[in-house]
Structure formats: structure tokens, C-alpha cells
Amino acid sequence: MRLRRPAYVLPGLAILAFATFLSLALVRLFLVEQDMRDNVDENMLWVMTQAQVAGHHLDGEVNRRLLGDPEADPALRFDVLTSRLVLLDAGPQRRYLEEIGFADRLDRSLQHLEAIEPLLDTLEPRVPASGEAIHGHLEPLMAQLNRIANAVMVQEWEATGARLDTHRRNMLQAIASILGILASGLVLVALLVQALRQRRAAQRALARHRDELELEVQRRTRDLETERQRVVAAIDTAPDGFAAFDEQGRLVLANPQLGELLPLPASRLAKDQPLPGLMGAIREAARREETECDSLDQGERGALQCDLEFEGRGWRQLMLRSTQGGGQVLRVADITRYKAAAQALERSLQRERGVSDFYRSFAGMVSHQFRTPLAVIDSGLQRLLRRGERMSADERARRYLGLREAVDQMTRLVESSLTAARLDGGQVEANPESCDLVPLAEQACRLQQEANDHPHIQVSTTARPLLAWCDRALVEQVLANLLSNAIKYSPRGGTIRVTLGREEERLYCRVQDHGIGIAPDDLPRVFERFFRSRHAAGTPGVGLGLNISRHLARIQGGEVTAESEKGLGATFTLWLPATQGRHDHADPDR
Amino acid sequence: MPRRCLFWLTPLLLIPASPVVADPLPAPEEPPLLQVTGNITRTNQDDAAHFDRELLERLPRHELQTSTSVTDGVNHFEGFLMRDLLDWVGAEGETAAALALNDYLIEIPLADFHDYDVLVADTMDGETLTPRDKGPLWIVYPRDDHSELQDIRYDYRWVWQLHHLEIQ
């Protein structure tokens, strides 16, 4: 503000001066105009002259009457002279004469006039004496009028001179004011010109700045474009797929590799496509259970990294990062090879760990479980060595049979231990396929009937076929185990009932015996390794069968459960996933 | 015409004055106060129209209040309109040369009498004008009603002691 003050103070002063001078000039001119209207005085000299003329006329008419002219009319001339003096005696004229000090002379003239009127009646032609009396009054009257006329002339000339002086003064002041108006007008014009010039200069400077700015913008734009093309070229030649999104999540840029790496329609990778839509499409295309990230949705707001498998295309790694500008960048890399190598490595590591576990487990089981039968065999053999000579042949045969049973048990123990150890070491792999459970169960029952000479196994099924998603060999092994257990704990000739059926997505094969059953305390522990119930002491067994069965069922996605009432027999059920509903696309003929 | 004049004129117009324009011009019985000569259509003595006071009083009477350049204050005048007189004598022309008893001669454009209600006054402030003052007749302009009449170029047309009009 302080810098700007002079900018309007000067024009303000100039305008003020302009208005002041204009007012002064107007006032002066108004005074002159008023003065010019006032013209009372100017008539006075004429009035005086006319009065003198009327006096001379009266004098002339009186003389004509004296000479005997009948046409002479001194009365009329007297009236005219009277009217002149009456006029002089009226308002403005009388005041005028009073101002110049000649009112008494007018009064004296009027007195002479009054004296003349009666003398007019006495006027006789050719009687000079009658005229003398009139002349005696008319002459001094005329002398008075002459004096007054002189004074009026002087007064009027003086007044005119004074008026001219006043006019001149007023006009000079008006001229001075007009000069002032001119000067302040010139100042205003100068200020205007200066302001215009300054404005033009400012406009030129502005235009220059704008041009410079435009050049700068062009240069920057060019640099940015070069930079952008460099980045685009780098992205286009990179092996990975890239996509950039703006702060509204719209696709700004994508390289061709992205389309090749993702099995998406080209429209999804068009410009301005929204990021959430793209992520949704990726989610749809990926194999759900093979995807190694919890949720693709979480990545839409922040950073995300996850591995996805696309059927027929292999593995892709998705990386989503927020950029500084508020946008996001998506990078898609082909990690199929890396993934395969990692999986192979993982598998071999698992295998190595399995071998190690197998040996450790087998060694543990051998060291714990083999001592008892070996001790039984050793003591039996020692007894035969020491007292064999004294034993009867039957006695010896019985003892040899006992030793053979011990060896058989060891053999079974070794087999079971090997199986358990293989399971522990992850050496057993399920190769599931769709297979009908009914013939499988019937075959297993038939084998067990023949092997154990136990004919009372009843098989029933609620449906046929019952397609299970399982490994046939492993299922056979589990069923053999469950059936042999049932036979083992059943009284001789006891009926064993095998029931097949379906519950929702699962198939079951229930093996029910009517043997001694399982004590409630023992029921939760029957699947523990090497667990043997006190009540089963009289029955041969190593306590691995149920444990192995459950393991084998579980590695195919199934389960083995047990239920029992003591003294009323036990029921073991193998559960397996049904083919239908688990893999809709699985071929039922396999 | 200003409202003030109408106010004064209205009552006088109600007086049953004879329609002078249609009347023939009778001869004056008294010595005439005013004679009109020149371009006129009605005469009563040779080529002139002579009017005594009685004849002049047949014209519609009008009043006027105005100040003058030679008296103080506002004066009250009575008389007749100059244009009524001119109509009566059938005057046609551009100017009227007004001659006074004191030989004062002034030419007045006839347009003045149509543009303004110019009065030929025979009384001032209720008193009959005489030749010893400004009588018997005084041409009076409505000076106060029209600012343009307050001008010395009109003031000299106020002819008093009027006794002769010459229409040209």
C-alpha cells in the first residue's frame, strides 16, 4: 500500500485542482453574467437627455404661441416635460440621483415646473411679458437639468469604468482558472499517458515471461517425454510384465509381456481399466488351491506379493507396490522354473528326511520291540539245549512250535515296523484314483475268510457302485488290517458284519465284530503306536496295525474311527472321500 | 400563459363585452387618445382608425401585475391586449411603429403581441395614467412572467405616452 500511494495521490490532486479551477471559473463567469443583467443605470443618461429635449420643446412651443401660431400646444409639451420629471422623481431614478447627491436639484426643478403651470394660462400671443415669466422659471429648470445630466454622464462613465474593471478582473480570474484547468488537464493527460505506457510495459514483460514460461514448459515436457519413453522402452524390453495405475486405480501403462504372462482377455489390459477389476480377473483365472497367497483382495490398497498358478501356464509371481505419486505398479514374473526347481528340491529334501526318519523309527522300534520275542526265543532254545534230551518228543515238538510262533510274530513285527517306519519317513505315497469300494471290500473279505478259515463275514451295501477317491492298494491294506483284527478278537465262529455306505461327501466301510470289545478307558488310545489293551493280553499282536491303518487312511484324505461297548464287540469304520463332489471333473471310469 | 394571468383574466372575461372583432368601427365622439394607421382593414376616419377612451374601453379588459425598469416594486396594470386592438383594426404586417407624445419612436415586431400578452395599460395601481405621468397609454410587457423579457432589448419597447401606431 505504501508503495502504491503516490500512484493515486497525484491524479487525485490533479482532479481536485481541475474541479477547483472549474468551480472558480464558473463562479467568475456567473458573476459577470449577473452583472450584465443589471442594466438599470444605463437608461439614466437617456432619461436626462429626453427631459432636456422636452424642456427645449416646451420653450419652443411657448415662443410659437407668443409669435401667434395657433397650432402651438405648450400645454402638451408641459405635460411631456412633467412626465419626464415625474419619471426622474420615481423609485430607481430618484435613488440614483440621491446617490450622486443631485436630488435637491431635481426638487428645485420640480418647484420651477410647478410655478410654470399657472403661467401657461396667462400666455397671450404677441404679449412678450407673459412669456418672460415662463422663461424666468424654464431657464433655471433647464440649467438644473444640465447640471444633473453632466453629473449623470460622469457617474455613468465612472460606473462603466468600474464595471469594466470588475469584468476584467473576473475575466482575468476566469482565464487564470481556465489556465489552471488546462494545466491540471495536461497533468491528467500526462498521468494517463504514463499509466498507459506503464501498462504496455507491464504487458510486454508479462508476455515475455509467458513466452519464457512456455519455452520452459516445452523443454520440461520434452525431457519428461524422453524420460517416459526411456522407461517405456525399459519396461517393454524387460522379461517381466509391468502395469502402472494412477491414483484412481486406473491402468495407465502395460507392457506386452503382461498380456503374455497372464491368461486374460486383451480388454482387461486396455487403458483406464480399473485395478480391482484386473485383480478380480486374475483371481478368477488362477487355480484357487494352488495359489500361495491368502487373499488377492488385500493387495488392492497396499503392497502385495504372491505366487499364483495358472493352469497350463505355470507359476507367476505378482508384486503390487504403491508409488510415491499415489498410484500403484504391478509386476508379474514367470517363476515356473524356479517353482519347479524349488518343489523338486523340497521333494528330495523330504525324501532325505524321510529316509532318515525311517531308519531312526525302525531302529527305535527294533530296539524296543524285538527284545521280548528274541528273549523268548533265546530262553526257549536254552531250555531245549539243557533239557532237550530229557524231554519227550511231543514236548519238544510243542516247544519248537512255540518258538516258530515267536519267530512268526517277529516276522510280522518286522513287517509292521517297516510299514510304520516308512509311514514315519513319508516314504508311503498315496496315488488316489476313483475306484468302486464295493468289490474292493468284497475281495478283502474273501481273502480274509480263506486265510483265517473264518466263513462268517457278511457284506452289505446301501448303494452300488460306491466310487471313492483313494489308493486301491492302501485301502486293501487298511481293510485287511481291520478284518484280521475283527477275526482275531471275535469268538470262534462269531459273525463279522461289513457295511458299506455314503454319508454326504464321504463313503464308509464299517467292520463290526462281536468279540470282547474295548474298554472305555482304552478306546481313545487304541490308535496309539504299540498300545495293547490289558484285556487283549491273550491275543497275539504288536500294537501297530490300527496306528498304521489310520495313517494310511489319512494320507488319502480319509480317517479310521473306533466305537465299542465292552463285551458287545467293537466297530471300526474306514472313511474315504467320495469321488463325486470332490473332483467333479474326475473320470468315473478310471 | 402563466397560471397567475389566467387567475386575473378569468373574472374579467365573464363581463359581457361585445365581440369587437365583428363590429364595425364607430367614429370616436371625444378627441382621440390613439390613432392607428398603415396596413389596417378597418378605419373610421380617412385611412386611419381613431379611438377615444370610450371606444378603447369596448375592448376586453385585462389586468397584469409586473415590475418595471423605471418604478419600484410590483405594479398593477389594467387595460386591453394589444393583439385585441390589432385584430379589431384588421392589422396585417410585420411591425408596429409606436410613437409617443414625446416623439419617442420604436418599431415593435407584431409577433411580440402574439407571443406574449402585451398589455396597453390605461391605469396603474388603480389610477388613470395621464400625459403628465406615462399616460394616456403605456405598452406593458408581462416582464415578471417571462425571464427572457427581462432584457434591455425588450425594455425599450415599453412605450409610454403612446398616441400613434403605424402598422407596416
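In this predicted model, helix 12 (residues 437-452) and helix 13 (residues 472-489) of chain A pack with their axes 9 Å apart, at an angle of about 45°. The crossing of helix 12 of chain A past helix 13 of chain A is right-handed.

**Helix 12 and helix 13 of chain A**

- On the side of helix 12 of chain A, the residues that meet helix 13 are A:Leu440, A:Ala441, A:Ala444, A:Cys445, A:Gln448 and A:Asn452.
- Helix 13 of chain A answers with A:Arg472, A:Val475, A:Glu476, A:Leu479, A:Ala480, A:Leu483, A:Ser484 and A:Ile487.
- Sorted by class, the contact between helix 12 and helix 13 of chain A holds 9 nonpolar, 3 polar and 2 charged residues.

**Helix 2 and helix 3 of chain A**

- Helix 2 and helix 3 of chain A have axes 8 Å apart and pack at an angle of about 160°.
- Helix 2 of chain A is therefore roughly antiparallel to helix 3 of chain A, since angles over 145 degrees count as roughly antiparallel.
- Helix 2 of chain A passes helix 3 of chain A in a left-handed crossing.
- From helix 2 of chain A, the contact includes A:Val47, A:Ala51, A:Ala54, A:Leu58 and A:Val62, and also A:Glu61 and A:Arg65.

**Helix 10 and helix 11 of chain A**

- Helix 10 (residues 371-387) and helix 11 (residues 393-424) of chain A cross at roughly 160°, and their axes come within 9 Å.
- This angle makes helix 10 of chain A roughly antiparallel to helix 11 of chain A.
- The crossing of these two helices of chain A, helix 10 and helix 11, is left-handed.
- Helix 10 of chain A contributes A:Pro373, A:Val376, A:Ile377, A:Gly380, A:Leu381 and A:Leu384 to the contact.
- Among the residues from helix 11 of chain A are A:Arg396, A:Arg399, A:Gly402, A:Leu403, A:Met410 and A:Leu413.
- The contact of helix 10 with helix 11 of chain A divides into 10 nonpolar, 3 polar and 2 charged residues.

**Contact between chain A and chain B**

- Chain A gives 16 residues to the contact, and chain B gives 12 residues.
- On chain A, the elements that supply two or more residues to the side touching chain B are helix 2 (44-66), helix 3 (74-89) and helix 4 (91-99).
- Helix 3 of chain A gives the most to that side, with 7 residues.
- The side of chain A that touches chain B is made up of 8 nonpolar, 7 polar and 1 charged residues.

**Nonpolar cores**

- The largest nonpolar core has 71 residues, of which B:Ile139, B:Val140 and B:Leu162 touch the most other members.
- Helix 2 of chain A provides the largest share of this core, 7 residues.
- Leaving out residues up to four places away in sequence, B:Val140 touches B:Leu64, B:Thr66, B:Phe77, B:Leu119, B:Ala121 and B:Trp158.
- A second, separate core has 47 residues, including A:Cys435, A:Trp469, A:Leu482 and A:Ile518.

**Backbone details in loops**

- The peptide bond from A:Arg464 to A:Pro465 is cis, with omega near 0°, and A:Pro465 sits in the loop between strand 7 (457-461) and strand 8 (467-470) of chain A.
- The bond from B:Gly135 to B:Pro136 is a cis peptide bond, with omega near 5°; B:Pro136 is in the loop between strand 8 (127-128) and strand 9 (138-140) of chain B.
- A:Asp272 is not a glycine, yet its phi is positive, about 75°.
- A:Asp272 lies in the loop between helix 7 (256-261) and helix 8 (275-285) of chain A, and counts as exposed because it has 10 C-beta neighbours inside 10 Å.
- A:Glu504, also a residue other than glycine, has a positive phi near 55°.
- The loop that holds A:Glu504 runs between strand 9 (496-503) and strand 10 (506-512) of chain A, and A:Glu504 counts as exposed because it has 7 C-beta neighbours inside 10 Å.

Conventions. Residues are numbered from 1 along each chain as its sequence is written. Chains are lettered from A and ligands numbered from 1 in the order in which they are written. This is a predicted model: local features need pLDDT of at least 70, side-chain atom pairs count only at pLDDT 80 or more; totals for chains, interfaces and linings use all residues. Two residues are in contact if their C-beta atoms, placed from the backbone, lie within 7 Å. Helices (H or I, at least four residues) and strands (E, at least two) are DSSP runs, numbered from the N terminus. Ala, Val, Leu, Ile, Met, Phe, Trp, Tyr, Cys and Pro count as nonpolar, Asp, Glu, Lys and Arg as charged, and the others, Gly among them, as polar. A nonpolar core is a set of buried Ala, Val, Leu, Ile, Met, Phe, Trp, Tyr and Cys residues joined through C-beta atoms within 7 Å. A residue is buried if 20 or more other C-beta atoms lie within 10 Å of its own, exposed if 12 or fewer, and partly exposed in between; C-beta atoms are placed from the backbone. Axes are lines fitted to C-alpha atoms, for helices over the stretch in contact, and angles run from 0 to 180 degrees between N-to-C directions. A crossing is left-handed if the near helix is turned anticlockwise from the far one by less than a right angle, and right-handed if clockwise. Angles under 35 degrees count as roughly parallel, over 145 as roughly antiparallel, 65 to 115 as roughly perpendicular and the rest as oblique.
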